[in-house]
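Please look over the chain shown here, beginning with the surroundings of a single residue and then moving out to the overall form.

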Amino acid sequence: MNGINYLFNETSLYTKEIFKVFVLEDGKYKYDKKEFLRFIYYVGFGQKKLISYCHVCKKEFPFDYTTDLFEFTKYYKEKDYYMIVADEDGQNPGMINISNGNILGLTPPYDEDKLVKNKIWYMHYYFNCTNNSNHKYMMMISIELKDGNFIVRKIGQNPSMLTVKGFDFDKYKGVLEKLDAYEDYKKADLSNADHFHVGAYAYLRRIFEKMINQYLGKTKLKDDHMDTKIDAVKDYFDPRIKKLLKNMYGILSTGIHELSEEQSKEYYEYLKAIIDMQLEYIQTENDKDKQSKELEGVLSKITNLITKKKTDD
């Protein structure tokens, strides 16, 4: 697990990561310090730099960052911060030092009713690009202690992951605008990044349908079924993906409801790759047509020059 770099650059909003810091055995919670230190690393405590793409500089740079520890400040002691995890109302609560995982006060194992239940802390992160300190990022996470587990969720980020990762939406902009699908293309990735996989699949389906309808034009078919439409226009598609079209549409239409969240996230990339292959194919064919016309013009000009020279001679 790559700590703050993974949390900021790769983790989608509302994705949860669970750390089993306290394990219940015979009515008592035992403390797993190693698991707590894994949690501390994940949320970035003690790490000095974030490495990320600066969307203003247009290049990857280290970012300095600070964290807003207002939720922990009342447990300040000798320049360390502590999280109360046991017997919160008592005179000697169990507290974990968030820099090293050491327990202060009431020590484990804790009776089941002593461990804090459903406690939530919130943290803000403030990032400054080391190349230009005016370029600033922000992130917010929640940390929940529930049934002995620390549950981390990223609940806010600015700019978005898509901006940070430098997504190139304009690569096929010309082709997509002719399909009236440029906004669908952007929204597909935005939805997927935010774990709204049903929406992501729906936008891919809309792009696919717009491709089919553009190729059909005013062609009349025996029925309006998508399979019939695909059969009628499949030769317009990249030969490498022609056999995939019907299955792809079926997955985009109904398969999403049969897949788990993780499967939806994984398979989205493959489905979008098919869309991208066709967009690349269209763009390449357009470029070839343009080049062919240019070559035709040049050859015509040369032919005219030769003809004129022969006439003059």
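S191 touches F196, H197, G199, A200 and Y203, leaving aside residues up to four places away in sequence, where contact means heavy atoms within 4.5 Å. This is a predicted model, in which local features need pLDDT of at least 70 and side-chain atom pairs count only at pLDDT 80 or more, while totals for chains, interfaces and linings use all residues. Residues are numbered from 1 along each chain as its sequence is written, and side-chain values use heavy atoms, with hydrogens and water left out.

**The setting of S191**
- S191 belongs to helix α5, which covers residues 182-193; helices are DSSP runs of H or I with at least four residues, strands are runs of E with at least two, and both are numbered from the N terminus.
- S191 counts as buried because its relative accessibility is 9%, and buried means under 20% relative accessible area, with a 1.4 Å probe and protein chains only.
- A polar atom of the S191 side chain lies 2.8 Å from the backbone oxygen of K187.

**The whole chain**
- The secondary structure of the protein chain comes to 9 helices and 12 strands.
- Of the 313 residues in the protein chain, 40% are buried.
- The C-alpha atoms of the protein chain fill a box of roughly 110 × 50 × 25 Å along the principal axes.
- Among contacts in the protein chain between residues at least 6 apart in sequence, 60% join residues at least 24 apart.

Definitions and conventions:
Buried < 20%, exposed > 50% of the residue type's maximum accessible area, 1.4 Å probe, protein only. Polar contact = N/O pair within 3.5 Å; in protein donor to acceptor, adjacent residues only side chain to side chain.
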